[in-house]
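Reader: I've never read a protein structure before. Could you walk me through one, feature by feature?

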Amino acid sequence: MRVLIVTTQVPFIRGGAEIHAEELVKALNTEGHEAEIVAIPFKWYPPERILEHMLACRLLDLTESCGQVVDRIIGMKFPAYLIPHPQKVMWLLHQYRSAYDLWGTHYGDLINAANGLQIREAIVNADNKAFSECISIFANSQNVAKRLKYFNHIESIPLYHPPRNAETFYCENTEDYLFFPSRLWSIKRQELVIKALAETTNPVRILFAGKADNNEYNEYLKKLAKKLGVTKKAVFLGEISEKEKIITYARSLGVVYPPFDEDYGYVTLEAMLSSKPVVTCTDSGGSLEFVRHEETGLIAEPNPKSFAAAMDQLWENRSWAQALGKAGKEYYDSLNISWSTVVQKLIS
Amino acid sequence: MKLNWFSPIPPAQTGIAEYTMRLLPILTNYAEVLVWTDEPKWNLDIEKYAKVRQYNLASVPWKEINQADLNIYHIGNNSNFHYQIWQISKQCPGLVILHDCRLQHFFAGIYREKHNDWQIYASYMKQYYGVEGEQASLRFWNGDLTTEYMAEYYPLTFLALENAVGVVTHTKEVFQKILKHKNRWVVGYAPLPYVSKWQGTRNGKVITPPYRLIIFGYLGSNRRLEVFLKALSNLSEKNQFRLDIYGQVWDKNYICHQIQQLGLTNLVKLHGFVEEAKLDSALANAHLAINLRYPTMGEASVSQLRIWSHALPSLVTQVGWYAEQSESTVAFVRPDHEIEDIQQHLKNFLANPLDFSHLGENGWQLLQDYHNLENYSQAIIDIAKKSGKFRHTTIAYSFADKIGEELSNWINYERVDMDIRGVAQAIHFIST
């Protein structure tokens, strides 16, 4: 089957979504299909640009290429999933969140635009129509499926997939640090973790790995750490290689991952694959589908004191932390998350 | 329903501020209203009914504005009161309530008096009226054409509606015009509401000569005072009438001279501006109101509603909003037969004053039935609900403009049929 993965790419920004699309192509090709990515560049400011990108997507024809039929397209991100096709399957990573769950929150910017309400309604309207065009709809996680049901009244099937290089994650003897690998971005809440570091009673140390979407936020986090006197506790590694990431997971005492309402969250899964406990928050979305409080990790309130207490608990109880990590790995294994299952569902 | 209400509010000296003040106690029974003003101070009485927020164009609090279901913008001809509102409406689509239907005074006020920017003014005139409009704008700028002339032939009404999703008019004529001109807005007609402050009785008036005639308001040349004086002076029964003139006359010396020349000194009295209560008292004691306008800007007349609130019969010019009224509520004067019609009505009045009283009574009933706050509030809410649903569909028009402009650069329209259809379908997908 000739399959196109249609997604959206913000030029020079790379994260989980890009890896996800690449891994899906790999999995489809492994299963004998011919797959490629069609990535639409996306710009969301000024907000009128969103509408123009939507229109551009609707004007694309992916039904065939060079005289050969494209059998299926798999839509993943807005507005690329608006591209019409008679055999469109949706595997939704997330919608344009500023128009949905982030509307009115600190993280959503569309509400600050003069025509924000109008654009929001146009997005919802187009989404509803695009979803009705699909032959089947899957969501990246239960959380994404829940949002789709809540905002658009559309049913979808949660479909988990393994993180990249899932088979290479492992566990070593622990060293004195917790690990927080993620793009430096306000919604990932590195800020909360730095503030929590200032509240810890133990010499908790955190290694932050990841590139900032914009350098201002990077500088802000470093200044915050300095202001709170935690520069020695908060270590910024910057962007690290896949190999370094896997080793850093393996040797960590545990993983912290407190984003605001994450869609899915590779970090949680990678931590579990490395047999590490995860500290997350009650409003962290996708990670809550995997972390069970005091079984596979700790779930704190999204405030510095509560998060600090959770980190202290892991720091003080190393053997318990190890046990939580082990239970996390067992839980992951029990879910039978595999690419072959994913491909089978998307192509059937 | 939650509404943002962009309107002048007291102490702003405008009828629209007064209208908002009177409407809010009723409107807020149907919706949560947040009033927005660009003025730093306001009459605190308004906060009995709605919260008030201040905005300025340099830093508009869109986040708070976007919490409401719809913005309602009040647009009238005074650029001092409505310029900032229009600026907001250009950025954030909403429902426009047209208090004036010919908005040339408004735009001339902005671009000639405030900004002295002919380029922008002329570009709008060209956009709406082509090369002819552009040329007229130059003649207007040079003082060869009056604002009244421009308003008559180039009203620029649609410029105020460019980003609107809905429009409310107070006249049936404008309602029909907007419907016909472009089918792109939710359009509603709602008779302008009026609440009288007059506490006195309207019964028991003695109807015996001399009969009291009354003219009031801002008396510009379009109020036909000269014509009326002439008609009265040539009437053989003129001594059975007394004419009271209240308000500001455009050229008092000239009018005084006319009164003298026409031999009406004993019959006509100029009172100038008086307090509201005194004017109401004069209206209560009058037998016939003279409410002529030619030309007219076409909008609903608050003066006429006030006349009816005293159950007072009236002569009106058969143009604009006045022409929409029933013959059972007013006596019409045709613009091209003014003296003839005025004299005939005055003679009819003398012959049977009671028949004229019925006009006033019918007008009073009309006021109660149609021009009341309750009906008006419900109409606004209905139109606002429809407009809210229509909001994202207006995106199609901005797309069409943009794509049309882009395509015109590189496409031969005689050969495009299918391409255009594809674009239209894509726009339809997003916006409807």
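This is a predicted model: local features need pLDDT of at least 70, side-chain atom pairs count only at pLDDT 80 or more; totals for chains, interfaces and linings use all residues.

Reader: Which residue does B:Arg306 form a salt bridge with?

Author: B:Asp280 is the partner, and the closest N and O atoms are 3.3 Å apart. The pair links distant parts of the chain: B:Arg306 sits in helix 11 (residues 302-309) of chain B and B:Asp280 in helix 10 (residues 276-285) of chain B, 26 residues apart. B:Asp280 has 5% relative accessibility, so B:Asp280 counts as buried too.

Reader: How many salt bridges are there over all chains?

Author: The count comes to 36 by this rule. Another one joins B:Glu338 to B:Arg224, with the closest N and O atoms 2.7 Å apart.

Reader: OK, on to sheets. How do strands of a sheet pair?

Author: The general idea is that they pair through backbone hydrogen bonds, either parallel or antiparallel. Chain B has an open sheet of seven strands in the order 3-2-1-4-5-6-7, and the pairing is parallel.

Reader: Which strands stand at the edges of that sheet?

Author: Strand 3 (51-54) and strand 7 (186-189) of chain B do. Each has a single partner strand, so one side of each has no neighbour in the sheet. Neighbouring strands are turned by 25 degrees against each other on average, ignoring direction.

Reader: Can you show me one pair up close?

Author: Take strand 4 (residues 70-75) and strand 5 (residues 95-98) of chain B, which pair in the parallel sense over four bridges. In one of these, B:Ile75 has B:Leu98 in strand 5 of chain B as its bridge partner. Helix 3 (residues 79-91) of chain B packs on this sheet, where it touches strand 1 (2-6) and strand 4 of chain B, and its direction makes about 145 degrees with that of strand 4 of chain B.

Reader: How do I work out which side of a helix a residue is on?

Author: An α-helix has 3.6 residues a turn, so residues three or four places apart point the same way. Now try helix 7 (residues 172-181) of chain B, where B:Val174, B:Phe175 and B:Ile178 are buried. They cover an arc of only 105 degrees around the axis, which puts them on the same side of helix 7 of chain B. The buried residues of this helix pack against strand 5, strand 6 (166-169) and strand 7 of chain B.

Reader: And which way do side chains point in a strand?

Author: In a regular strand they alternate between the two faces of the sheet. Look at strand 9 (residues 178-181) of chain A: A:Leu178 and A:Phe180 point one way, A:Phe179 and A:Pro181 the other way, and all are buried. This strand runs parallel to strand 10 (residues 206-209) of chain A, joined by four bridges. A:Pro181 stands opposite A:Ala209 in strand 10 of chain A.

Reader: Back to chain B. What is the strand order in the open sheet of six strands?

Author: The order is 10-9-8-11-12-13, with parallel pairing. Strand 10 (268-272) and strand 13 (331-333) of chain B stand at the edges; each has a single partner strand, so one side of each is left without a neighbour in the sheet. Strand 8 (residues 211-216) and strand 9 (residues 241-246) of chain B run parallel and are joined by six bridges, and B:Ile215 stands opposite B:Ile245 in strand 9 of chain B.

Reader: Last topic: where the chains meet. How many residues of chain A are in contact with chain B?

Author: 27 residues of chain A are in contact with 26 residues of chain B. The two chains bury about 2100 Å² between them, 63% of it on carbon and sulfur atoms. On the chain A side, A:Leu55, A:Ala114 and A:Gln118 lose the most area to chain B, together 29% of what that side buries.

Reader: How many salt bridges does the rule find across the interface?

Author: Two. One of them runs from B:Arg391 to A:Glu121, whose closest N and O atoms are 2.7 Å apart. B:Arg391 counts as buried because its relative accessibility is 5%, whereas A:Glu121, at 21%, counts as partly exposed.

Key:
Residues are numbered from 1 along each chain as its sequence is written. Chains are lettered from A and ligands numbered from 1 in the order in which they are written. Side-chain values use heavy atoms; hydrogens and water are left out. Two strands pair if DSSP finds at least two bridges between them. Helices (H or I, at least four residues) and strands (E, at least two) are DSSP runs, numbered from the N terminus. Axes are lines fitted to C-alpha atoms, for helices over the stretch in contact, and angles run from 0 to 180 degrees between N-to-C directions. Contact means heavy atoms within 4.5 Å. Buried means under 20% relative accessible area, exposed over 50%, partly exposed in between (1.4 Å probe, protein chains only). The arc is that of the directions from the helix axis to the C-beta atoms. Buried area is the accessible area (1.4 Å probe) that two parts lose on being put together, summed over both. A salt bridge is a side-chain nitrogen of Lys or Arg within 4 Å of a carboxyl oxygen of Asp or Glu.
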